[in-house]
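Subject: Structure handover

Hello,

Here is the structure you asked for, with notes on what turned up in it below.

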Amino acid sequence: MSHDNSDPTTQELTRRTVLRGAAGTAAAGVALGSVGTTAAQSGGSAPYGGWFEGVENFDGTVDKTGQSEVTVTVGAQGNGGSFAFGPAAVRVDPGTKVVWKWSGGGGSHNVVAEDGSFESELVGESGHTFSHTFESEGISKYACVPHKAMGMKGAVVVGDVSVGGGEAAGESSGSSGPGFDGWFDNVDNFDGVVDETGQSEVTVTVGAEGNNGAFAFDPPAIRVDPGTTVVWEWTGGGGSHNVVAEDGSFESELVGESGHTFSHTFESEGTTKYACVPHKPMGMKGAVVVGGDSAAGGAGGGSDGGDGGNDFRDGLTLGAGLGLVGVLVTTFVFGSKSETRGGRSTN
């Protein structure tokens, strides 16, 4: 029986077969490369079930609640080129429309939901957009299929849903490192741990702008040396505030006077979380990290903080290599079979 390889349908089936085989082998390679490293990185409780392992631009879930429309860049810088979604993970309210906008970098990309709920076309044109409205609470993971193995993955968290691993809206990717454990959920001015080591006294503002008013500590998270005195100073904004440690180690009075101060000296290494009790549900929370270099790397937004990061990157490199081998083998085998069939049909 003759096989006409010039037929468009046959060519499309051939292309899809090769892509499916290559994608499957590449995914297996990445999975193999990450064996033995996931647990080291996440302690068995990685956010999103490990979906963002190896996604170098993932820096926590960005809080976009309160907005009816949110834009995510397709082809943002990350994963060795323009192979990222920016931001990688967002939290939105039910009914929010997410618009993906192509940067034009990194070649052709698409946006495909893991659960099949949405899928864009594969394009590379700058300014191209694709949108989807998220009606129900839950977590929707998605990826650019051609570059998924490279780490071009994203997620949309709809509503008040836990993403696991102590990771929630507003946290940085390593915020559980110093023992935050989700403490900075919905703290909109949290941007990692500010290094204040080397100082005998550090000032934190009480009633700074944040969380929809003067309901923030600034900076919300600091790192200090043992023996450092932290002084909280009131701005007078946002009404009356207090500073109360979660572990009961210190507690200020509840006041609203501008210029009022309260201080505490931190003698021992560790992480102390605190809040303004009346405004804690609004996100007026803070933390003091005393000593401990490894925790700084985790909270600062992406440092590895040890050999685990190198192990993970080595594993990812191995996985990517195996994936590439899979693509070559699949293409070779399929091409050989096509040539054989073509040869038989002419005899």
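A residue counts as buried under 20% relative accessible area, as exposed over 50%, and as partly exposed in between. E246 has 45% relative accessibility, so E246 is partly exposed. Please keep in mind that this is a predicted model.

Overall picture

The protein chain has 347 residues, and 42% of them count as buried. Its secondary structure consists of 4 helices and 18 strands. Among contacts in the chain with a separation of 6 or more, 67% are between residues 24 or more positions apart. The chain exposes about 16,400 Å², of which carbon and sulfur atoms supply 49%.

Salt bridges

Side chains of opposite charge can pair when their charged atoms come close. The structure holds 2 salt bridges.

One of them involves E246, whose partner is K280; the closest N and O atoms are 3.2 Å apart. This pair links distant parts of the chain, 34 residues apart: K280 sits in the loop between β17 (270–275) and β18 (285–290), and E246 in the loop between β15 and β16 (261–266). K280 has 30% relative accessibility and therefore counts as partly exposed.

Another salt bridge joins K148 and E114, with 3.1 Å between the closest N and O atoms. K148 belongs to the loop between β8 and β9, while E114 belongs to the loop between β6 (112–113) and β7 (129–134), so the pair ties together parts that are 34 residues apart in sequence. K148 is partly exposed because its relative accessibility is 32%. E114 is partly exposed too, because its relative accessible area is 45%.

C144

The loop between β8 (138–143) and β9 (153–158) also holds C144. Is C144 buried or exposed? Its relative accessibility is 0%, so C144 counts as buried. Which residues is C144 in contact with, leaving aside its neighbours within four places in sequence? They are F85, S108, H109, N110 and M152. H109 is 35 residues from C144 along the chain, yet the C-alpha atoms of H109 and C144 are separated by 5.7 Å.

T61

T61 lies in the loop between α2 (38–42) and β1 (62–63). With a relative accessible area of 1%, T61 is below the cut-off and therefore buried. The side chain of T61 makes a polar contact of 2.7 Å with the side chain of Y48.

Strands of a sheet pair through backbone hydrogen bonds, either parallel or antiparallel. Here 5 strands form an open sheet with mixed pairing, in the order β10-β13-β18-β17-β15. Its edge strands are β10 (194–195) and β15 (244–245), each of which pairs on one side only. Between β10 and β13 (residues 221–224) the pairing is parallel, over 2 bridges. Within this pair, D195 stands opposite R223 in β13.

Regards

Notes. Residues numbered from 1 in each chain as written. Predicted model: local features only at pLDDT ≥ 70, side-chain atom pairs only at ≥ 80, totals over all residues. Heavy atoms only, no water. Buried < 20%, exposed > 50% of the residue type's maximum accessible area, 1.4 Å probe, protein only. Contact = heavy atoms within 4.5 Å. Areas by Shrake-Rupley, 256 points an atom, 1.4 Å probe, with all protein chains shown as cover. Pairing = 2+ DSSP bridges. Salt bridge = Lys/Arg side-chain N within 4 Å of Asp/Glu carboxyl O. Polar contact = N/O pair within 3.5 Å; in protein donor to acceptor, adjacent residues only side chain to side chain.
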